[in-house]
Amino acid sequence: MLATADALAILLDAARPIDGLETLPTLDALNRVLATDVTSPLDVPPMNTSAMDGYAVRIADLAHGSRLPVSQRIPAGHAPTPLAPGSAARIFTGATVPAGADAVVMQEQTEVAGDEVTIVHRPQAGEWITAQGADIRAGSVILPAGTRLTPQALGLAASVGCARLEVRRRVKVAVFFTGDELTMPGEPLKPGAIYNSNRFTLRGLLERLGCEVTDYGIVADQLEATRATLREAAHAHDLILTCGGVSVGEEDHVKPAVEAEGRLSMWQIAMKPGKPLAFGAVRRSAGGAGGEGGGEPAETFFIGLPGNPVSSFATFLLFVRPFVLRLAGVQAVAPRALSLRADFTQGKADRRNEFLRARVNAAGGLDLFANQSSAVLTSTVWADGLIDNPPNHAISAGETVRFIPFSELLN
Ligand code: AMP
Ligand code: MG
């Protein structure tokens, strides 16, 4: 059996960022992955600005008395003239501090009478002034290539005047499902049949990652049909993802079909839920790559997930997610885990790396979902994340465990 960390290392080693860049308006680039560094062409703020409504002064002038004539009024967005010696300038938040002023006194610490202001507070040098470049220096990289563009990142790019961003195209993933028992919701359930829940979970997971998904639905459990779907999917996608039929002794046709159309390694991963996972590639037909460039890879990655709903969910989060993010050009693909207290006892150690469905309680500790079976989807909705419990380790109440929140895994 393969350790989870080793399986992940093999996958990440194989994943290279896809070719194909696009330049998008910054407003349309949410969730995309930056292909090139964003460097600021300017200082932010671009000038010394006032952080308060008040009066800009020269501290040295206050040595001769605190009552000063008001020599100019500076609203935000207007260029001031240099501060006349021995005077104060009325100034507003975000406005440019005039040359010669070295502090802003907030209006609450002043008394105004006619054209004069009395400063009732002795400011420190630089008080309430945000210095030019305090946030960002011209020439500095504010967003490195490989960054996923959050709303905050778009705001940051916009703050330096970036109207367009160079991003990678979206990763194209084909999915299909096998199993004669699978029925779509909306259809009557025949004896022995179950609903194809994984189609909904996996599509949602892929869409959350920003993939362009082609869903071939349920493919008939026949070798020729499976091979034909693989061939069709290979030429237009970066990854083919299937679910079901990768257990040992399975009569399913996915394994022989991928072997006939490419190459496949069947893994037994020392994890629970999960265990079987298939990783390989499907050849692209000679004519299918669309021509002249020659830059198209000769094959498309293949990952086969186990059919059990919780197993396919967990193996997706732990393996497919980081793999897809790497294809998308993302650098930081590891979820950040928390150290939290277990408020339960799990007396029986398993020799596999367990990923337990748990949720954070009001006391900040973790509760465990009672039924940890890999067929129980209820646990995935109840839980807030997965406890990553190492092999051969029983958990005692009060112990600190490694918890990976779904907020880290579902996008
Ligand atoms: P398999 O990996 O094909 O041996 O399937 C393991 C278990 O998962 C079986 O009970 C299947 O019925 C179930 N299963 C397989 N595919 C799906 C699916 N798409 N949705 C829900 N359950 C599935
Ligand atoms: Mg099956």
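Reader: Which residue is the bridge partner of tyrosine 55 in β6?
Author: This is a predicted model. Strand β4, residues 54–57, pairs with strand β6, residues 88–91, in the antiparallel sense. The two strands share 3 bridges. In β6, tyrosine 55 has as its bridge partner arginine 90.

Reader: In β7, which residue is the bridge partner of glycine 54?
Author: Strand β4 also pairs with β7. That pairing is antiparallel and runs over 4 bridges. The partner of glycine 54 in β7 is methionine 106.

Reader: What is the order of the strands in the open sheet that holds β4 and β7?
Author: The sheet has 6 strands, and its pairing is mixed. Its edge strands are β7 (103–106) and β8 (110–113), and each pairs on one side only. From one strand to the next, the twist averages 40°. Read across, the order is β7-β4-β6-β5-β9-β8.

Reader: Which residue in β9 is the bridge partner of arginine 67?
Author: Strand β5 covers residues 67–74, and strand β9 covers residues 116–119. They pair in the antiparallel sense over 3 bridges. In β9, arginine 67 is partnered by threonine 118.

Reader: Is isoleucine 303 buried or exposed?
Author: Isoleucine 303 sits in strand β21. Leaving out residues up to four places away in sequence, it touches Leu239, Leu241, Ala278, Phe279 and Val320. A residue needs 20 or more other C-beta atoms within 10 Å to count as buried. Isoleucine 303 has 23 within 10 Å, so it is buried.

Reader: How far apart in space are isoleucine 303 and methionine 266?
Author: In sequence, the two are 37 residues apart. In space, the distance runs C-alpha to C-alpha. It is 9.9 Å.

Reader: Which helix gives the largest share of the shell around ligand 1?
Author: There are 18 residues around ligand 1, and Asn198, Gly244, Ser247, Gly307 and Asn308 come nearest. The shell divides into 6 nonpolar, 9 polar and 3 charged residues. The largest share is 3 residues, and it comes from helix α3 (residues 197–208).

Reader: What is the radius of gyration of the protein?
Author: The secondary structure comes to 8 helices and 26 strands. For 411 residues the globule rule gives 22 Å. The protein is well over that, so it is more spread out than a compact globule, with a radius of gyration of 30 Å.

Reader: What share of the 411 residues counts as buried?
Author: The C-alpha trace spans about 95 × 60 × 40 Å along its principal axes. Among contacts with a separation of 6 or more, 69% join residues 24 or more positions apart. The buried share of the 411 residues is 39%.

Definitions and conventions: Residues are numbered from 1 along each chain as its sequence is written. Chains are lettered from A and ligands numbered from 1 in the order in which they are written. This is a predicted model: local features need pLDDT of at least 70, side-chain atom pairs count only at pLDDT 80 or more; totals for chains, interfaces and linings use all residues. A residue is near a molecule or strand if its C-beta atom, placed from the backbone, lies within 6 Å of it. Ala, Val, Leu, Ile, Met, Phe, Trp, Tyr, Cys and Pro count as nonpolar, Asp, Glu, Lys and Arg as charged, and the others, Gly among them, as polar. Two strands pair if DSSP finds at least two bridges between them. Axes are lines fitted to C-alpha atoms, for helices over the stretch in contact, and angles run from 0 to 180 degrees between N-to-C directions. The radius of gyration is taken over C-alpha atoms; the globule rule is 2.2 Å times the number of residues to the power 0.38. A residue is buried if 20 or more other C-beta atoms lie within 10 Å of its own, exposed if 12 or fewer, and partly exposed in between; C-beta atoms are placed from the backbone. Two residues are in contact if their C-beta atoms, placed from the backbone, lie within 7 Å.
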